[in-house]
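Please read it with the structure open.

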Amino acid sequence: MTLIDGKAVSAQVRAELKVRAQAFEAAHNKKIGLAVVLIGEDPASMVYVRNKIRECEEVGIRSFAHYLPADTSMKQALSLVRALAEDDNVHGILVQLPLPSHLDAEVLLRAIPHEKDVDGFGAENLGLLAQNHASGCVSCTPAGVMELLHRYNIPVRGKRAVVLGRSNVVGRPMAMLLLNEDATVTVCHSHTAQLKEECARADILVSAIGKPKFITAEMVKDGAVVIDVGINRGADGKLCGDVDFENVKDKCSFITPVPGGVGPMTIAMLLSNTVKAAERVS
Ligand code: NAP
């Protein structure tokens, strides 16, 4: 069994992005810019935003942080996003979710032009992915999973891939990415009949359901590649994935740990999308 080291791969990706960010700056006499909008004081979001800004600085991307109070109106939020959309120093815009409940995330995300939608959550980018166009920004977590598969030389073409979860940010784009690389893809969700049997047929099993230690050895085929996107608190209060790692690991050819697997790739792919967005307009 090979343990997939997301920390090491993300460090490698960031080192490569740093070189590209420097080249952009040399050619354009300005840095690549990422605007991050945080509305309210959700504690987890504050940590995520802090980490995103820190990692931006590390690779030489300029960050524009906009912290707005929880009672920000839709009109105020929209006017900020529209101003960022017009700003030539801003190549990527990220609105940290979840938003306070009085704000409509869909409307706000729609105000981000697709060229600056570095989270890849917008309809245009999801549509480009569905049409197998390489020109869009792909949602960061599933893009990170593909990067791990590529960097570990794990073949995808012709493989039977099973994705658990169908959210717009993880499961759905994950399934499309695997399909675009010629896997035969099954998407499972909370209404799937015979879920265990579906999983046990997978050459590549990706779980993104948010259920601690849900995937057990009987659901994993011998030699399968198991990718655990889940981030959960186990019964012992410790961070764990959707996969019962200890129970499953000896059956796998490759497996991602939690933490240290998919997680570190998400911000790396956000930075990668931002660099690509800047390079596209230059
Ligand atoms: P989500 O929006 O809550 O979607 C969960 C999906 O799982 C839904 O499609 C749901 O099915 C399905 N599901 C839930 N329980 C199930 C069950 N018992 N059997 C089969 N399917 C089930 O979650 P998400 O945003 O996609 O995130 C999923 C997990 O990934 C979470 O643990 C989250 O923390 C983690 N995550 C990690 C990263 C990272 O950087 N590593 C990034 C994003 C998310 P229905 O559609 O039928 O309801």
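In which loop is N132 found? Point 5 gives the answer.

1. Basis. This is a predicted model, in which local features need pLDDT of at least 70 and side-chain atom pairs count only at pLDDT 80 or more, while totals for chains, interfaces and linings use all residues. Residues are numbered from 1 along each chain as its sequence is written, and side-chain values use heavy atoms, with hydrogens and water left out.

2. Cores. A nonpolar core here is a set of buried Ala, Val, Leu, Ile, Met, Phe, Trp, Tyr and Cys residues joined through side-chain atoms within 4.5 Å. Buried means under 20% relative accessible area, exposed over 50%, and partly exposed in between (1.4 Å probe, protein chains only). The largest such core has 55 residues, and I61, L149, L178, V206, I227 and V229 have the most contacts inside it. Helix α10 (residues 263-281) supplies the largest share of this core, nine residues. Helices (H or I, at least four residues) and strands (E, at least two) are DSSP runs, numbered from the N terminus. Domain 1 (28-114) and domain 2 (140-263) each give at least three residues to this core; the domain bounds come from an automatic or database domain assignment. Another core, of 19 residues, lies apart from it and includes V81, L108, L109 and A111. As for V229, once neighbours within four places in sequence are left aside, its contacts (heavy atoms within 4.5 Å) are T141, V145, V170, V206, S207, A208 and V262.

3. Strand β2. Seven of the seven residues of β2 (residues 33-39) are buried, so the strand is largely enclosed by the rest of the structure. In a regular strand the side chains alternate between the two faces of the sheet. Both faces of β2 are covered, with G33, A35, V37 and I39 buried on one side and L34, V36 and L38 buried on the other. Pairing requires that DSSP finds at least two bridges between two strands. β2 pairs with β3 (residues 62-68) in the parallel sense over seven bridges, with G33 opposite R62. β2 also runs parallel to β4 (residues 92-95), joined by four bridges, and V36 stands opposite L94 there. Together with helix α2 (residues 43-59), β2 and β3 form a right-handed β-α-β unit; right-handed means that, with the strands pointing away from the viewer, the path from the first strand over the helix to the second runs clockwise.

4. Helix α5. Which residues of α5 (residues 123-130) are buried? They are N125, L126, L128 and L129. These cover an arc of only 155° around the axis, which puts them on the same side of α5; the arc is that of the directions from the helix axis to the C-beta atoms. A123 and A130, on the other side of α5, are exposed. The cover over the buried residues of α5 includes α7 (171-180).

5. Backbone points to check. Most residues other than glycine have a negative phi, and most peptide bonds are trans. N132 is in the loop between α5 and α6 (140-151), and its phi is positive, near 60°. At 47% relative accessibility, N132 counts as partly exposed. D182, in the loop between α7 and β6 (184-188), has a positive phi near 70°. D182 is partly exposed, at 38% relative accessibility.

6. Cis peptides. A cis bond joins L97 and P98, with omega about 0°; P98 is in the loop between β4 and α4 (105-110). A cis bond also joins V258 and P259, with omega about 0°, and P259 lies in the loop between β11 (252-255) and α10.
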